[in-house]
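Reader: I would like to learn how to read charged residues and metal sites in a model of this kind. Could you take me through the features one at a time?

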Amino acid sequence: MTEHIRVDGERLWRSIMEMAEIGATANGGSHRLTLSDEDKLARDLFAGWCADAGLALTVDQMGDMFARRDGSDAARAPVGMGSHLDTQPYGGRFDGVFGVMAGLEVIRTLNDHGVMTVAALEVVNWTNEEGARFAPSMLASGVYGGVFDLDWAQSRQAVDSGAALIDELKRIGYYGEADLRAHEFSAFFECHIEQGPILDSAGISVGVVNAAQGFRWYDIKLEGFASHTGSTPMPGRRNALLGLARVAQAVDDIAHEYAPLARGTVGSQVAVEPGSRNVIPGAVEFTVDLRHPSAATLDAMDAALRAVCAETAADIGLELTLEQISDTVPVAFDEGCVAAVKRACERLGVSHQTITSGAGHDACYIAKRTPAAMLFAPCKDGVSHHESESAEPEYLEAVCNALLHAVLDIAGVKA
Ligand code: GLV
Ligand code: MN
Ligand code: MN
């Protein structure tokens, strides 16, 4: 009865483009940091669209937005769809937004066709997926998944102002009463752009994501001694930036040592003190991001990082502070949900391929409690976390259709 239903690809595209106008950047991207004024506007726009679609909105204590469409069986937990509306600084128009808009497009399509599902459906906007303004990433979905304590997550501080997350939630009017740890889904699906080159280079429409690699984030501080660049002799200097240079090279080396799957990066968030060209850097703060699909390999990379930081600090005479702020373990998505996505692609006759996610996603933490899977769309040249991020409307439509039919499969259709 529902097998011929298709989403409205143009409406999906228009919604993504309209959302992209909030925090639009000069070079075609979006700058919409978590709980900024732009994030509030994006949330308001989404909430308005949900109301237009007849959905009931709940906001929880992390500011997550759950927009619900009832099913015929109130006893069944809802099937969730969604992702995030926050972006990286000067990020792209699709990362996160596509997953939220795809969920909304599924609802709009079911409304158009008067289809009622057995389980309720929910479109979700998760707070602070990116981890750029508040570290670590996937913070709210991590609370949902039991990875982070609610209090700890609410007290994380903004890198720009030091404001606590809970205060920023209240400031923009998105602190809610609902306890997300009590929220239940029967399944969860997240659509996303691939953020890598595999699908784009193969011209495949849908990535059926069966796993995601693990990653660990670190906050590191090296403290030396700031003094005059001209009069301080070279021997005996305690140059903190020199320590960072050595660690940055070592992180790159570690990733190469575990090639081809490993990734290792000192992120583009570095603070050097005191901030003068003729003062030796007295202290540096920076971040490290290590990734690999195997937890055992991540352990080895972690040990190598800790060793090189300690050796560097001892060699240059620096004081080292190393805090690991997240450990996102490799994820295998639910076989039943993955199979539902694959079946949907087969029935739709769209090209598809099984793929592992290189990036972290809310679904990775949701999967700790709920059967979950992801669907990827190709993005141009695999570029993401950049203003030039780009995706073809036809691919987004194909992925959204696969979402629609996977969700109908799992939620059931009322006869
Ligand atoms: C989350 O966006 C990540 O860093 O992979
Ligand atoms: Mn994302
Ligand atoms: Mn991202």
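Reader: To begin with salt bridges, which residue forms a salt bridge with Arg216, and how far apart are the closest N and O atoms?

Author: Please keep in mind throughout that this is a predicted model. A salt bridge is read from the distance between a side-chain nitrogen of Lys or Arg and a carboxyl oxygen of Asp or Glu, which must lie within 4 Å. Here the partner of Arg216 is Asp302, with the closest N and O atoms 3.9 Å apart. Asp302 belongs to helix H9 (residues 295–316) and Arg216 to strand S7 (residues 214–223), so this pair ties together parts that are 86 residues apart in sequence. Asp302 is buried, at a relative accessible area of 9%, and Arg216 is buried as well, at 7%.

Reader: How many residues apart are Glu168 and Arg171 in helix H6, and are these side chains buried or partly exposed?

Author: Sequence spacing is worth checking alongside the distance. Glu168 and Arg171 are 3 residues apart in helix H6 (residues 165–171), a separation of about one helical turn, and their side chains meet in a salt bridge of 3.0 Å, N to O. Glu168 counts as buried, with 7% relative accessibility, whereas Arg171, at 47%, counts as partly exposed.

Reader: Which side chain meets Arg291 in a salt bridge?

Author: That side chain belongs to Asp289, and the N to O distance is 2.8 Å. Arg291 is buried, with a relative accessible area of 14%, and Asp289 is buried at 16%. Elsewhere, salt bridges that share partners join Asp37, Arg133, Asp160, Glu168 and Arg171 into one network. The count for the model comes to 22 salt bridges.

Reader: Which side chain of opposite charge is nearest to Glu130, and how far away is it?

Author: For Glu130, which is buried and has no salt bridge, the nearest side chain of opposite charge is that of Arg291, 8.2 Å away. The relative accessible area of Glu130 is 5%, and its side chain makes a polar contact of 2.8 Å with the side chain of Gln88. Beyond its neighbours within four places in sequence, Glu130 is in contact with residues including Asp95, Trp217 and His385.

Reader: Which residue coordinates both manganese ions, and how far apart are the ions?

Author: Asp95 coordinates both the manganese ion (ligand 2) and the manganese ion (ligand 3), which are 3.5 Å apart. The manganese ion (ligand 2) has His84 (NE2), Asp95 (OD) and His192 (NE2) as its donors, at 2.0 to 2.2 Å, and these follow the spacing H-x10-D-x96-H along the chain. Both His84 and Asp95 are buried.

Conventions
Residues are numbered from 1 along each chain as its sequence is written. Chains are lettered from A and ligands numbered from 1 in the order in which they are written. This is a predicted model: local features need pLDDT of at least 70, side-chain atom pairs count only at pLDDT 80 or more; totals for chains, interfaces and linings use all residues. Side-chain values use heavy atoms; hydrogens and water are left out. Buried means under 20% relative accessible area, exposed over 50%, partly exposed in between (1.4 Å probe, protein chains only). Lys and Arg count as positive and Asp and Glu as negative; His and the chain ends are not counted. A polar contact is a pair of N or O atoms within 3.5 Å; within protein, one must be able to donate a hydrogen and the other to accept it, and residues adjacent in sequence count only if both atoms are side-chain atoms. Contact means heavy atoms within 4.5 Å. Donors are N, O and S atoms within 2.8 Å of the metal (3.2 Å for Na, K and Ca); water is not among the atoms, so sites may look incomplete. Helices (H or I, at least four residues) and strands (E, at least two) are DSSP runs, numbered from the N terminus.
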